[in-house]
Amino acid sequence: MDASAPQQTRAADGVSRSLIIRNLRKEYRAGVPVLKDVSLTIEGRGLTAIIGPSGTGKSTLIRCINRLVDPTSGEMIFQGQDLATLRGKALRQARRRIGMVFQEYNLVERLTVIENVLCGRLGYVPVWRAWLRKFPAADVDRAFQLLDEVGLGDFANQRADQLSGGQRQRVGIARALMQDPDLILADEPTSSLDPKTSFEIMELIARRAGERDIPVIVNIHNVELGRRFADRIVGMSKGEIVFNGPPAALEEKHLLAIYGGEGWLE
Amino acid sequence: MSTMDLPATPLRRWERFTLAERLGRALFYLIALTAIMWSFKTIEIIPEFLYDAPQQTVDLFARMWPIDWSWYFPVVHPALVETLHIATLGTILAVIMASGVALLVARNITRSPILNFIGRFILVATRSIHSIVWALFFVAVFGPGALAGTLAIAMHSIGFTGKFLSEAIEDARRGPIEALIASGAPPLSILIKGYWPQVKPAFLSISIFRWDINVRESAVLGLVGGGGLGMALDTALANLYWDQAGLVLFVIFIVVVVTEILTTLVRSRII
């Protein structure tokens, strides 16, 4: 039951990083809900993996949180605000506390790696600084430090379109961390990558967010990868949550409920 | 077992077009043929003029030869420089104005259909008026000279430049834009860091291409008082100095060839 109080883990500045979603509903076409009044509490730390078949609303759920998609109804309480009702500047200020990692990396390909990382500060720096590439010295230094952390220290001045998929996703992760976020959303971050790189990327996200006590919500196709890195698994099917528990509790019957059919489990 | 023993199935037939489509195509050809014949009737070819056309052509070229090279430095060279200035300044003005209109037209930037329509209207309106007509208008307002020519070039170029710019903006990948939105970036920063890097190659390519066109257009604007080479040509023709007219035509030809080579080189380096 979601009414139970979430464990109040707090960031260094004392602000809670938990997210409470209540009765979240999204209809792209009236009367055809993709999310059917989903309620979910994300504690302020650890990695939550959302698994489920394609087209089941995982991506919509994650995109509602930072309002790339506007929900039809419901609320999402984060740091004392209902994200669902924010507009304009208040929405932008909430968004810069929420980092996002995308399936297709979504880097600005004609910019250099370091500039892509610095794009994570666009919510903080004034427009003229972005325009003239005069980012504050502290930001630039931190961008270099983050590039080192994701293993791309030597690539700062390369153009993003010269990197491999795995390298691009590392830049994406550095960009999200550059926001100094209180929550990281990852929408299928490994679906365009090979198995080994997928593993490395998941490990990187889990480690770098874990060090900073940043909670992560990740949509993931690969159940094994989710099980391996998640502290909690949320299983979705047809716009509803059908499983919510630790990875160890995820059994075959749950996978059947999530994905349906059985031949694929053999 | 031979194929003869199989139960007879009807041969499957295939035709590229249905009967209705074939009739439609025949009708189209008929209409096109009629239109061509009609055009020939309308342009009223005068046989007498047609018969001696080759002779007249030869005669004109004969009068242009030898070209009066001595006329180059006193008159044609300053006119040539003026033409290049008109084309360049006109293009810069056009690109500045067109950028604003293109942002208005691009549906991924301006989400209001009414504003999109207004922008589109500006593009169509400026483009549908030929630069010669714009020049006549500005000559009436500002008097003859390079200013009228420059403004004519600028106004007529807005449509072309703005149309292709707006298309380039609409072609920008949505993903990087979403990433910047998700980071809480304000709209202007998204424009500068998300759209501009994606649009920049098209922007340069379009500007250079338009400059290339404008060099050619500004060379004739002088015929209606827009300054540049056209004015020199106008003077020569009015005085029936065919050797001087020949020089201007030759210079225009050289300029067009050189800009063509130049722009091709530059564009191939950008893209």
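In what order do the six strands of the open sheet in chain A lie? In this predicted model, where local features need pLDDT of at least 70, side-chain atom pairs count only at pLDDT 80 or more, and totals for chains, interfaces and linings use all residues, the order is S6-S7-S8-S3-S9-S10, with mixed pairing. Residues are numbered from 1 along each chain as its sequence is written, while chains are lettered from A and ligands numbered from 1 in the order in which they are written.

Strands here are DSSP runs of E with at least two residues, and helices are runs of H or I with at least four, numbered from the N terminus; two strands pair if DSSP finds at least two bridges between them. At the edges of the sheet stand S6(A) and S10(A) (240–245), each of which pairs on one side only. From one strand to the next, the twist averages 20 degrees. Inside the sheet, S3(A) (residues 47–51) and S9(A) (residues 232–237) run parallel and are joined by four bridges. Here Ile51(A) stands opposite Gly235(A) of S9(A). Helix H6(A) (residues 165–178) packs on the sheet, where H6(A) touches S6(A) and S7(A) (183–187). The direction of H6(A) makes about 175 degrees with that of S6(A), given that axes are lines fitted to C-alpha atoms, for helices over the stretch in contact, and angles run from 0 to 180 degrees between N-to-C directions.

Chain A also holds a hairpin, formed by S1(A) and S2(A) with two residues between them. Seven bridges join S1(A) (residues 19–29) to S2(A) (residues 32–42), and the two strands run antiparallel. Leu19(A) has Ile42(A) in S2(A) as its bridge partner. In the turn, Gly31(A) has a positive phi of about 85 degrees.

Turning to chain B, the element list shows eleven helices and zero strands. The radius of gyration of chain B, taken over C-alpha atoms, is 27 Å, whereas a compact globule of 271 residues would have a value near 18 Å by the rule of 2.2 Å times the number of residues to the power 0.38. Along the principal axes, the C-alpha atoms of chain B fill a box of roughly 90 × 65 × 40 Å. Buried residues (20 or more other C-beta atoms within 10 Å of their own, with C-beta atoms placed from the backbone) account for 35% of the 271 residues of chain B.

Contact between the chains (C-beta atoms, placed from the backbone, within 7 Å) takes 22 residues from chain A and 18 residues from chain B. On the side of chain A that touches chain B, H2(A) and H4(A) (127–131) each supply at least two residues. Helix H8(B) (residues 174–182) is mostly covered, with seven of its nine residues buried, among them Pro176(B), Glu178(B) and Leu180(B). These buried residues pack against H2(A) (88–95) and S6(A) (98–101), together with H9(B) (187–221). After H8(B) comes Gly184(B), with a positive phi near 85 degrees.

The largest nonpolar core has 131 residues, and those with the most contacts inside it are Val117(A) and Val248(B); such a core is a set of buried Ala, Val, Leu, Ile, Met, Phe, Trp, Tyr and Cys residues joined through C-beta atoms within 7 Å. Not counting residues up to four places away in sequence, Val248(B) touches Val76(B), Leu229(B), Ala232(B), Leu233(B) and Ala236(B).

Key. A residue is buried if 20 or more other C-beta atoms lie within 10 Å of its own, exposed if 12 or fewer, and partly exposed in between; C-beta atoms are placed from the backbone. Two residues are in contact if their C-beta atoms, placed from the backbone, lie within 7 Å.
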